[in-house]
Amino acid sequence: MQESNIQTIVITTQPQSFIESNLEQLCYLITGVNPLNNKNISVSLLDNGGFQFINIDEQNSNKYLGSAFKNKEDFLTKINDFLGKKNEAITRAFSNQKNDFSFPFFPRQYMKPIAAFPNFANEKFGRMIKSWTAIYKLEISAYDNPTTRRSESANVANAGIEITVSSGGHIIGLKYNLLPLESRKGLPLYKVVADENEIPQLTYLLNKETNSVAPFYLATTEESYIPATRESILPTPITNEATFFNPTDFDKGRIVVWLKRVGVKKKLKVKDAASTSKKQSDTITIPIGAKIIRLKPNSENDETTPCVYWWKGSYHLSSFSELNIGINNVVLSNFAGQVIQNDVEHLLSRISSYENKQTEYEAVVKSIKDFSKKVLSKNQVQDGLVAIATSLKINVGDKPATILSLKNSLFKVYNPSVSSTAHFSDETLILPLSFGWFKSDKKLLERFNSVWLKSVSLGNRFEGSSGEGVRYEPMLSDIKTELLQLKDFVDQTSAKNSPEAKWLQTLSSTSLNDIKRIIFLCDNTWKLSGFDRYADYIAIENSFGAFRLPPILNVIIHELTVNSDTFLPFASGSTPEGGTTDTHIGYEFTQDTWEKVNSSGFSSIQKNQDFVDHLYQSHRAYASIALAVIISKAMNL
Amino acid sequence: MKTHSIIAIAYILISCSVFRNERSISTYHSPSQNGKDTVQLLDTLVLDFFNKNYVTNYFSVKTESNELIFKQTIFNSTLDTLELQAKASAGWVAPKFSRTVLPKSCSVIIYSYLVTNHKGYVNTTITLEYKNLSNIEVNNNYIPIILRGWIE
């Protein structure tokens with residue numbers, strides 16, 4: 001990953017062991033109460049780093065001495081002064097120690113209050129203020145934006161400080177969800193595609209294993225973090241091993257899963273998944289990040305779960321420790337490239353029957369075949385993730401621009417000819433309107449209720465989490481007519497400067513004349529998470545290693561297919577019972593096929609790729625187009 | 001002989017139903033499992049290379065289940081075996097059908113509606129494509145099946 005010229009801040013912290021070994025002293029210095037052998041004090045260490053102090057006695061106290069604070073501002077000012085004094089006291093107390101502690105324990109320069117409120121006593125005492133609470137987030141000035149010349153800040157995720165002070169002025173609650181910040185240093189940000197001035201959103205993560213607070217880019221989905229400097233190392237997710245429970249029921253969110261770490265407790269035994277014999281083949285290991293299909297565990301107490309997976313050209317069946325199984329593909333290791341290559345090879349095996357079906361699709365298959373020969377380095381995968389997150393950014397505030405960008409990315413890799421002079425994209429309109437937009441203005445909402453909802457052709461096609469297409473008359477013409485009328489109408493509304501209104505102004509009867517299908521996208525489709533497996537009856541788990549498209553683009557690929565005869569015309573599907581369907585895959589299909597594999601083995605479905613699609617929660621034809629887009633973006637083609 | 005008689009009687013009954021202008025819908029509730037299975041029975045659709053579309057009357061269905069099922073009989077009135085392909089225009093509708101229909105025979109197609117978040121007025125299209133298996137030179141035929149109504 002290349003470094004840019006932009007400098008960011010990485011902060012080193014004291015280790016959690018500093019908190020652990022000095023817990024009593026820190027509590028005493030901050031609250032004036034010695035927690036040792038004090039039954040009214042509860043002190044605990046926090047999993048993410050830091051500690052929590054609660055004075056039960058003071059919280060239950062009925063002594064109301066009147067409020068020590070006049071109002072919220074007064075409370076925050078006094079707390080700020082108080083924390084300043086405590087910083088001095090803690091620095092003094094630890095100044096003679098081996099590790100010099102000359103930095104503020106409470107990093108006031110980064111602490112931003114996000115809430116301050118009084119807590120009231122029970123009603124029987126009247127409405128009296130019992131205590132005040134202040135909650136702070138941590139906001140770090142991350143870098144100077146060369147475009148805006150502003151200093152851009154980013155929050156530290158899942159970290160903060162919460163202080164509760166009794167009306168008598170005593171600290172009765174302190175949640176220090178942080179590690180003491182020790183020193184800061186400048187490091188170059190990793191370069192974001194070609195344009196280093198365009199920087200995706202940053203967030204800071206506290207990693208108590210590396211004693212650092214370092215920046216990460218937020219990917220298309222908020223659950224995904226991409227290291228933004230060479231010292232940004234993802235913290236290991238916290239697992240609670242004490243409450244082990246291995247669910248045996250079907251769970252649509254835990255069928256396609258990923259190996260998040262390789263266990264050392266049990267040796268991995270692998271056998272050919274298609275084999276009906278119980279004999280196990282040679283022991284192999286698969287790297288973290290590998291996609292696996294979670295089958296039914298033998299019992300809820302069993303620590304291991306049988307899984308099917310594709311590795312090096314064939315399916316295998318192994319048992320994995322449940323603690324090593326993750327529910328998302330954001331797993332980056334030195335084997336990230338190998339994992340991607342494996343998923344690509346798997347798809348190639350699934351789409352072999354689609355070869356030579358359509359000239360334009362052949363180019364898609366060729367790009368996948370070429371890509372399958374490459375093993376990306378970890379840095380190349382990171383670059384690819386940033387490129388995908390940046391170039392396929394979903395801006396809900398500007399749906400027309402987002403759709404234009406997604407359309408361009410999609411039709412660049414697959415755009416069938418519909419005549420000697422025209423392509424599929426020329427006759428397709430993906431509508432960037434939404435119910436939310438109509439709702440944004442009273443007049444627009446009135447029009448929606450009086451015109452759209454009362455029209456047989458228009459209706460409300462924005463409900464749900466997927467999309468819908470219209471390609472038949474008279475509905476198609478009715479929608480075009482309304483769009484042209486809406487173009488004039490919107491000028492009379494407060495939404496006249498919205499991106500949607502500006503898009504409407506680009507329409508004309510001539511431009512709509514060639515349109516043979518109009519695709520609607522539901523409002524909730526814009527809100528789908530990257531880890532949702534279904535958009536209504538559309539399976540959208542089209543991931544390849546750590547790579548995946550924004551969910552809405554997977555929905556668009558589907559809608560173009562089912563609303564045409566030229567976009568993936570060869571794609572169809574089977575029902576779990578063996579009947580025929582189109583390319584829809586509801587979770588019930590996955591459930592039925594999953595049950596069949598559990599009862600009759602993977603070999604019972606392996607020969608029908610439609611069933612494999614059910615299990616992998618991904619229609620292979622859509623996955624191939626998704627992969628072609630990913631290749632185009634990640635490889636900057 | 002007995003089979004032929006049954007087919008003949010079925011054809012007469014189906015023909016009577018089809019050649020009315022109305023596209024009627026009747027509802028029944030099958031024994032429910034997991035809150036599913038409110039089934040709407042649609043008029044029979046005849047595949048004869050002449051029918052160009054099928055639009056239902058407005059239906060009104062009250063359901064508390066997650067899924068609404070429309071069931072339709074398809075009658076192949078030709079003397080050829082037909083191959084079917086159906087595509088639902090909406091992401092929340094899925095068709096289920098048999099790929100082939102023998103000459104002068106019936107087949108059943110099911111349209112499953114995911115009702116969650118889709119209550120109110122609906123107007124969706126399923127494109128039914130069919131072709132003559134014995135004569136591949138004849139162009140495919142398309143019938144848009146438009147289902148419209150109100151789901152409470």
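**Note on cavities, backbone geometry and cysteines**

1. A search of the whole structure finds 6 cavities of 30 Å³ or more. The structure is a predicted model, and the values below are computed from it. As background, rolling a probe the size of a water molecule over the atoms shows where empty space is left.

2. The second largest cavity deserves a separate comment. Its volume is about 110 Å³. The lining of this cavity consists of 14 residues. Those lying nearest its centre are A:Asn460 and A:Arg461 from chain A, together with B:Trp92, B:Tyr121 and B:Val122 from chain B.

3. Most residues other than glycine have a negative phi, and most peptide bonds are trans. A cis peptide bond is present between A:Glu473 and A:Pro474, with omega at about 5°. A:Pro474 sits in the loop of chain A between β20 (467-470) and α11 (475-489).

4. A:Asn158, a residue other than glycine, has a positive phi, near 55°. This asparagine is placed in the loop between β6 (151-157) and β7 (160-166) of chain A. Is A:Asn158 buried or exposed? The relative accessible area of A:Asn158 is 60%, and this residue is therefore classed as exposed, the cut-off being over 50%.

5. A:Asn211 also has a positive phi, of about 50°, although it is not a glycine. The loop that holds A:Asn211 runs between β10 (202-207) and β11 (212-218) of chain A. A:Asn211 counts as partly exposed because its relative accessibility is 24%, a value that falls between the limits of 20% and 50%.

6. How many disulfides does the structure hold? Over all chains there are 0. A disulfide is a covalent bond between the sulfur atoms of two cysteines. Two cysteines may be described by their accessibility. A:Cys27 has a relative accessible area of 1% and is therefore buried, as the term applies under 20%. B:Cys106, at 40% relative accessibility, counts as partly exposed.

Conventions:
Residues are numbered from 1 along each chain as its sequence is written. Chains are lettered from A and ligands numbered from 1 in the order in which they are written. This is a predicted model: local features need pLDDT of at least 70, side-chain atom pairs count only at pLDDT 80 or more; totals for chains, interfaces and linings use all residues. Side-chain values use heavy atoms; hydrogens and water are left out. On a 1 Å grid over the protein atoms alone, a cavity is a set of points where a 1.4 Å probe fits but cannot get out, and a pocket is an open set with protein on both sides within 12 Å along at least five of seven lines; lining residues have an atom within 4 Å of a point. Grid points are joined across faces, edges and corners, and a volume is the space filled by probe spheres set on the points. Helices (H or I, at least four residues) and strands (E, at least two) are DSSP runs, numbered from the N terminus. Buried means under 20% relative accessible area, exposed over 50%, partly exposed in between (1.4 Å probe, protein chains only). A disulfide is a pair of cysteine sulfur atoms within 2.5 Å.
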